[in-house]
Amino acid sequence: MVPKFKPSPLRIRSFCTKTVQQNPHHWPIKQITKTNFNESLSEIKNHISSSDFIAVSLQNTGSFSSPWHRVSTFDTPETAYLKAKFAAERFQILQFAICPFKLQASKVIAYPYNFHLFPRDELKMGMPSYSFTCQTSYLTAMAKEGFDFNTCIYDGISYLSEAQESTVKVRMGNPMAVDHATKSSSSPALSVADTVFIERVRSRVKHWKNACTDSDIKTEALVTSLRKIVLGGEQFGSRPSMTIDVCSERQVQLVLKMLEDFSDVLVPLIIPAKGGGTQAVRAVLTSSDEDKDLLKRELQTFEFEQNKRVRGFREVIDLISASQKPLVAHNSLNDFTFIHSKFLAPLPPNMNEFICSLRLAFPQVIDVNYLLKDIGPVKKMTNISATIAYLKNRFFAPIEMEIPNQANENEGKIHGHNVVKICQLFGKLCSILKITPDAIESSDDFLASAINRYANIFYSLPGSSQEPTNEEIRGWTNDKRKVSCEDVVFLWGFRERISAGILKNMLQGSHEVFAEAFNVRMVDRSCAIVVFGKPGLSNTFKNVMNSKAVSGPLREMVSDGLKAAGYETYQRVCSSGLWESALADALDKTLASHNCLSEAAYETKQSEIYLSNELINLAEL
Amino acid sequence: MKKRWPITILYRAFSSSTTSTTASFPLKHVKKSNFDSALSSLRHHIQAADFVAIDLEMTGITSAPWRDSFEFDRFDVRYLKVKDSAEKFAVIQFGVSPFRWDPLKQSFITHPHNFFIFQRQELPLDGAAYEFLCQTTSMDFLAKYQFDFNACIHEGVSYLSREQEDKALKHVNSTYKDESLDSWHSLKEIRDTHLFNIPDILFAERMKDRLSEWLGGLLRNRDEGSEVQPSFNDSKQQFETIFFKMRPAISLNGFTSHQLRLIQLVVRKHFKDLAYLRVSGENSCSQNVIVYIESESVKKMLMKEVKDEQKIDAEMSIKASIGFRHVIDLLSSEKKLIVGHNCFLDIAHIYSKFFGPLPLTAEEFISSVNKYFPHIIDTKILLNSNSILQQRMKKSSTSLSKAFSVLCPQIALGSKSTHLSLQPSVKVEVEVDDIRSSNWNSGVKHEAGYDAFMTGCVFAQACSHLGIDFKQQSSSENLAHNEKLREHVNLLYLSWTNGEIINLSTGNRTSESLASNKRKNHYPKILFECIVIVWGFPSHLKAWDIRECISKVYGPTSVISVYHVDETAVFVQFSRAEMVSKFLDLKESLDRNNDPISVLHPLAKLLEGGNTCAASYETYKEICSSTVSKVLFADQAKAVGIKWKTKLVESSDKTKEHESLRKVKAVNSDPSCGERTKNKNFDDVSNDSSYSQLSSDEIIDSFYTREAKQI
């Protein structure tokens, strides 16, 4: 547990605390599985409520299946969201690391937890997910890190999303206590039919109640039980109860209103129908006020226990959401589409709705990548460790990591380091950007404004690429200009394994629109994008491609199968969900299906994309 | 079908309780580390074998509930469902158990192998990433049987299909064939870049100086005939003088890729007698060297030499990635009799994983399979179609473990109880790593190696019941040609659910004869031209409501059955084919006219909400052929891109109508038949969506996914 490097005399003071851990491999991160989940919950709850921020980090079974599915610099927020949505709906979260932390001067006090998840169908209802996709390369990489798949699958914690939980509740048909919201809805004007209905039910209830209470007096047991059968009495637990069938929500209200007259001894319960709505109202007879309270408490505990069992890991998400603490993430668009789709509800069809819906649960999400932007250009931002190293070289902002957690001993492998690195990076960035913890503590308003500046911006433009960067891409990413979607044309139908340089050469002499400055970049093997420097040229080019007048070398290329389409076709590809493995195929299919539909249906809303690592502030949209 | 599971469970519970304390079944587990040695010994065993039993474990069976196997699957739809399953899910365990008759011991010798397989992306192929689907219930099921996922993912044997291998080889050929596309091409691009900034220019100058210094020293030394001075190697070891192909060279270490590019540029620009090469080093990491060359021709020779070497390396690594496919190639080339249990899906998996993409139609698939594996026997068909064996099975379930325990009790319980069995039983001995044993404990069910072993034992015993005398059988004669087996060879269940059997050698389809059929629910013969699929209707409508709704329009006998595909879609089978187009026409016009008359129409209940869609059976097939798999059928239809609400069909010609009329009359002879069917379906659906919370149902459901394939 001793740090590998020797501290210099100057820095030695910062190592006075024993718990300080600088070597990531020694960070004690508590590993949580099904076995120790329940016992850890209260501890986690305390840490969450006493923290300033909560860092989150996910380990998924994959991200993108084809090169063009990756969010890239030519994506608008909308297409970026659609790509993230596609991934979030198919892949699965296997590890969810959270780390509530406090910032104190140059110290980060962190309580990291790493949850192992597996979407087990505990209720046999095809939930939380019927199936999920795994990418081999992701699993292999996890295996290399020593990930234990058996623990994950045998012992992972299951969960249900909020939306799934409400469906499940209805399907299980558990009686629900009437809360005041449903009860006190405006008393309706009574029609004759209503009055008849109420009176009939009232007399039934009265008879049944009398029959039950009569049993104290010595009537014959047989008569009592017969009477009970005739009057439709049943048992609810140890108490007698009676079911009143209803046909509409209005009748539910009427019955509840009527039962208020008996509120001294009767407790009304609502029995939900399987297809939604209400099937019946059940009145439970209690013997006294104490007994009534007891019943209500019993119902509450029953519901609480059952919900807990059903929710599983979502309990933690609910705790985070209830705390309303700011969340810190790295690559937040990706992580929060996953979180939304697995733990809240199915992802909405567009970015705006997503942001609105997400905000209801998590009011503040801070992406460290966005903080980084204020510092200056950092090229490779997908790798947290590299970013930390980069900052270390450029700024003097020592951050001390204090992790008071006791990791479970005899734990073979410790996973979830990323979440602690995010805390560390965030601490560094705060110190560099002078979002000092003192300021945070002195005034809540200041904190709010300082954090609000950075919150809810879903960084959607990862700058690095896994291929060896060739000159075109470098030239491209260094380019800081914004490019209007209008000036972008997608080209495909050329021979495979062509390079952007060769394609550019071929285009240069083919038509006069290419006399002006333009740029070419490969999206994947099958498709390239061309960016025209001068506005209007893209339309000229598209028109030329579609007219018979096409001539010269360009005609040759068109005859060989070259095709072109504007940015709106690409947007349509993303929104229609044609995620073919080659972009060219997807574009072809979209064009084919679009020919029979009206043109006007689609408009280019976000008309600007960014060619550099610029950011798009979605809060402003 | 479902009702038989508890029996299976009981058996399983019984067998495990008797043997849980003792050592495991002798099984050869094969992983990455011991694959090569296991393969070479397996080669001999397979060559000597009379037949080879196989079994596969997958990560799932159906990618969506509506893709499950139904009675309403026409054979082409059934194939599409199997194809979808084989394409989406991964095989993670492969059991191979070659059986050989040992005339001396008068028993079979088998070598059960249990391969963990996991396809890794080992070659730098472009395009889509390898991915596969996991069905959560299947994973959970495997976990219940203690499947070792770590062994699979960490140490599983990888493989390449024949198609992937061809593609990779082609890729290598084109890379190394085309001169212009190689390194020259990338150099050309470098020339385009200019040195932008001062640091780059200074660095390039420094490199130029150092290279000319080295070159100068080299030439001087050569003239003087002395050794290359070692002093050149600087402290950082960035420039290390080495010999590359018997030529003096510099190995570049510790430069960034940007610096390397600059060096490359300097070499191109200023040194005619130096060549910059990137070669693969010893531990597969690439090494950058600058080689001294005398002339352009020498340079070309050197380049060619290097390129040829690289090509060979690349080809070698492709060959090395074939991995587990060697086993499949062996089975195919040896033309051995392959024995599986309800193995149509298994065969489809083998095809898609180790040969190439599955053909679009069942016919093409069958003929290709027959080419690769000329003799396949399915023990499940064997047990169901032969009356002697049916008798032996005592009308019990033909699930693998059940068949094993009924037919081979002496093997199931180890040889301890051999004397207990009165029937003539085939003796089987297991040999693993040259250790023979005839005494063992029951293995873990749903471990591919043990399942393959059980399948083989069932087959051997079945052969003996059929009167095949292994003592008489000469070793040279192929068991598949035995006249007692001939009628069973190459028959596979296309679908166990409706008993449709396909003959791989002829492509003929037959339905299982009713006499031998033990299944309880006989459906009226399904006429696919009488079927309409309806989806997107209000969710509270159940089969009964829909039937009632349509009956109000066309009369009480118009609907034969309504079958839930899932909660969002139903098949409606009409009594006559022409009603399909009538119904679709009516629905279309009701959708179009939103007047009071259409609102009051009896069908309006079905169309409520405005999302109800309807089409003929052909559309169902179309939707099944899509690669997309949404959980709900209504969502799937949307995802496939269906934007219309009704797809009309042209009314079929009269002769066809007459024919179907006649058929329908025969079917309708039992008027209550349709009714019963409907009720059963209705119950089924409520079971499937698990409204009930009975614990027995939970057990049943948990077995559902895996067992479906074997029952």
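1. Arg314(A) is buried, with a relative accessible area of 3%, where buried means under 20% relative accessible area, exposed over 50%, and partly exposed in between (1.4 Å probe, protein chains only). Salt bridges that share partners join Arg314(A) into one network with Glu165(A), Arg311(A), Glu315(A) and Asp318(A); a salt bridge is a side-chain nitrogen of Lys or Arg within 4 Å of a carboxyl oxygen of Asp or Glu. This is a predicted model, in which local features need pLDDT of at least 70 and side-chain atom pairs count only at pLDDT 80 or more, while totals for chains, interfaces and linings use all residues. Residues are numbered from 1 along each chain as its sequence is written, chains are lettered from A and ligands numbered from 1 in the order in which they are written, and side-chain values use heavy atoms, with hydrogens and water left out.

2. The structure holds 34 salt bridges over all chains. One of them joins Glu43(A) to Lys30(A) at 3.2 Å, N to O, and this pair links distant parts of the chain, 13 residues apart, with Glu43(A) in helix α1 (residues 34–50) and Lys30(A) in strand β1 (residues 30–32) of chain A. Glu43(A) is partly exposed at 26%, whereas Lys30(A) counts as buried at 15% relative accessibility.

3. Another salt bridge brings together Lys85(A) and Glu89(A) at 3.4 Å, N to O, and here both residues lie in helix α2 (residues 77–90) of chain A, 4 residues apart. Lys85(A) counts as buried at 18% relative accessibility, and Glu89(A) as partly exposed at 37%.

4. In chain B, 3 strands form an open antiparallel sheet in the order β15-β16-β17, with β15 (491–495) and β17 (509–511) as the edge strands, each pairing on one side only; two strands pair if DSSP finds at least two bridges between them. Strand β15(B) is joined to β16 (residues 500–503) of chain B by 4 bridges, and Tyr493(B) stands opposite Ile501(B) in β16(B).

Methods. Helices (H or I, at least four residues) and strands (E, at least two) are DSSP runs, numbered from the N terminus.
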